[in-house]
Amino acid sequence: MTEEVKAATEVVMGTQFWVATTIFILVYGLIITEKIHKTILAIVGATTMIVLRIVTQEDAFNSMELGIDWNVIFLLVSMMIIINIMRPTGVFEYIAIKSAKVAKGRPFAIMAIFSVVTAVVSAFLDNVTTVLLIAPVTILICQALELDVVPFLITEAIASNIGGTATLIGDPPNIMIASKAQLDFMAFVYHLTPVIIVVLLAYVITIKLIFGKQLKVKEELRQRVMAMNENEAIKDPVLLKKSLIVLAITVAGFIMHGTLHYEPATIALFGAGLLLLVSGTKEPHHILAEAEWATLFFFMGLFMIIGGVVKVGLIKWMSIKVLEITQGSLFGTTSVILWFSAFASAFIDNIPYVATMNPLVIDMAKQLWPNISGLNLLHHPDLMPIWWSLALGACLGGNGTMIGASANVVVCGMAEKMGKPISFKKFMYYGMPLMIESVIICHVYIWLRYYVLKI
Amino acid sequence: MKAKDLMITVQNFLKPDDTLRDAVTLLKVAKRGEEKVGVNGLPVLDEAGKLVGMLSMRDILKAVHPTYMDLMDLGEFTWDGMLEEAAKKLADKKVYALMTKDVTTTKEDSPLMDAVDHMIKSNVKRLPVIDNTGRVVGMLYERDVFFAIVRAMLNENAGGEK
């Protein structure tokens, strides 16, 4: 305890501390109320930090510790560019129609295959993009089969959040954790993909139990689906071939980036540039303009705001409190972070949450192992399960409620436009138990792998 | 020439609470000038006669077209009977739910170029013409503006119908 008290006294709670903390709380509070768009709040909050001289512009723009994590920004924007080029080829329509036909128009088979496809695609693309690509086809198929679309949309949103957790590029929290903790693509494949496969299997079995019996379809309606010709979906086979080759090169790049000592953003931007080149487009401004700038600026703003509260010591103070609660037990800390992250992410955006937790975990590590620094500290064997718990909790937690993840918000918006609104309660009725199931599986996995088997 | 010289006095209009069934029936038989030929769009007026929207054929086409189909190219995968089914579901919807609420109008004393400017920029084929009190006094149709252009081009006298 004496060590912690000593560490605590290092945080000077002066004017700067309170100014930065106030900006932080105001911005996060207003984000939760959703009265003002979160991107605007992030930009105003970030620049206020600079104007009030909490951080300098130099810190905000150029410091890895206190400013914008360009690795995250460029990885996100590059993936957006790749998708924007690939979308018009019709490949996503093809995959979805093909899936429905593989399922032979049988409703639960469609639900299960769509969930697995959504999860796999989400592992490589961001979740919102994935559901935006799968959901319209799902609605069409449900209409053709005269089925209630709501269970299909909910199961797809949840599957996309599960799948996104599997890789470094699948979900923004992972991208942020990877950059901050300097973990490579293969580390995520090695540590998160196995447990996500188990979670996904358990998920498919669970939705079979929930929805399996109530899904029935008339024989003649199945013919509507079987009559669809997925090959008609492909609009530009030449561009599709080029895209798939570049995508394969990019994924190979991700797999090897750790060994080759490239940052993931380098690989992604190289892939985006290569695809722009081979696509033969003469109007890159359309493709670039369609990147989600609001999301990108939200990230940039958040990084600067977090930089401010890191600089004044708020995050350090919070990390001391976390260690006090868990009383230095590492498995205790891991468990608390897993479950706290899950429930926090169910109700608040997991992006600002992880943006806050990343420096907090590092500060915690500094207090636990004051004599170690750099990669040895970030990759301390006892710290690794904490990073994985943060990733698993923050990504899977989004499934708890309809506001927990952007993919959920998107499908609920679509259902509402269809005249079939999904209430907060209805989503939670399915989402919360499924989220708890997945986190229990992760908890067992972490305990078994890192504290019992130690592999 | 001004908008009021070419406009056609409003004889038929819709109310926001009309059902689409009522609306399409009226669209089918509405008068355009002296002829009972049906029209492609009608103004929607509230109790006080104030303009609250426009309902056009295109609004109805948009209403049967599912929103999720805007997001992806799914036309190839639709089936026979899908449109008719959507149309039947639409019959009891109210006009206010489907009408265009942000209506571009022109004033009765505005020059015709102003009307053309609105038609091009808002991509509409008919403009409600309003007086100084904001009341709708007529409708200006693209076709009638076109004939005004024809007359000017061919140096015909104003009003000289063929």
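Reader: Where is Gly212(A) found?
Author: In the loop between helix H12 (193–211) and helix H13 (219–226) of chain A. Helices (H or I, at least four residues) and strands (E, at least two) are DSSP runs, numbered from the N terminus. This is a predicted model, where local features need pLDDT of at least 70, side-chain atom pairs count only at pLDDT 80 or more, and totals for chains, interfaces and linings use all residues. Residues are numbered from 1 along each chain as its sequence is written, while chains are lettered from A and ligands numbered from 1 in the order in which they are written.

Reader: Why does Gly212(A) count as partly exposed?
Author: Because it has 13 C-beta neighbours inside 10 Å. The scale, with C-beta atoms placed from the backbone: buried at 20 or more others within 10 Å, exposed at 12 or fewer, partly exposed in between.

Reader: What separates the C-alpha atoms of Gly212(A) and Phe108(A)?
Author: 5.9 Å, although the two residues are 104 apart along the chain.

Reader: New topic. What sheet order does chain B have?
Author: E1-E6-E5-E4, an open sheet of 4 strands with mixed pairing. E1 and strand E4 (106–107) are its edge strands, each pairing on one side only. Two strands pair if DSSP finds at least two bridges between them.

Reader: In which sense do E5(B) and E6(B) pair?
Author: Antiparallel, over 5 bridges, with E5(B) covering residues 126–130. Arg126(B) has Tyr141(B) as its bridge partner, and Ile130(B) sits opposite Val136(B). Their hairpin has 5 residues between the strands, and there Gly134(B) takes a positive phi near 90°.

Reader: How many bridges join E1(B) and E6(B)?
Author: 2, again in the antiparallel sense; E1(B) is residues 8–9. Ile8(B) stands opposite Met139(B) there.

Reader: Why is E6(B) largely enclosed by the rest of the structure?
Author: Because 5 of its 6 residues (136–141) are buried. Helix H8 (residues 142–153) of chain B also lies across E5 and E6, at about 65° to E6(B). That angle is between N-to-C directions, on a scale from 0 to 180 degrees, with axes fitted to C-alpha atoms, for helices over the stretch in contact.

Reader: Which residues have the most contacts inside the largest nonpolar core?
Author: Ile305(A), Trp387(A), Leu390(A) and Val411(A), in a core of 152 residues. H8(A) gives the largest share, 13 residues. Ile305(A) touches Ile23(A), Phe24(A) and Val27(A), among others. Apart from that core lies another, of 11 residues, including Val136(B), Met139(B) and Tyr141(B). A core joins buried Ala, Val, Leu, Ile, Met, Phe, Trp, Tyr and Cys through C-beta atoms within 7 Å.

Reader: And how many residues does the contact take from each chain?
Author: 16 from chain A and 10 from chain B. Contact means C-beta atoms, placed from the backbone, within 7 Å. On the chain A side, helices H6 (91–102), H8 (127–145) and H23 (406–417) each supply at least two residues. H8(A) has the largest share, 6 residues.

Key
Two residues are in contact if their C-beta atoms, placed from the backbone, lie within 7 Å. Lists of a residue's contacts leave out its neighbours within four places in sequence.
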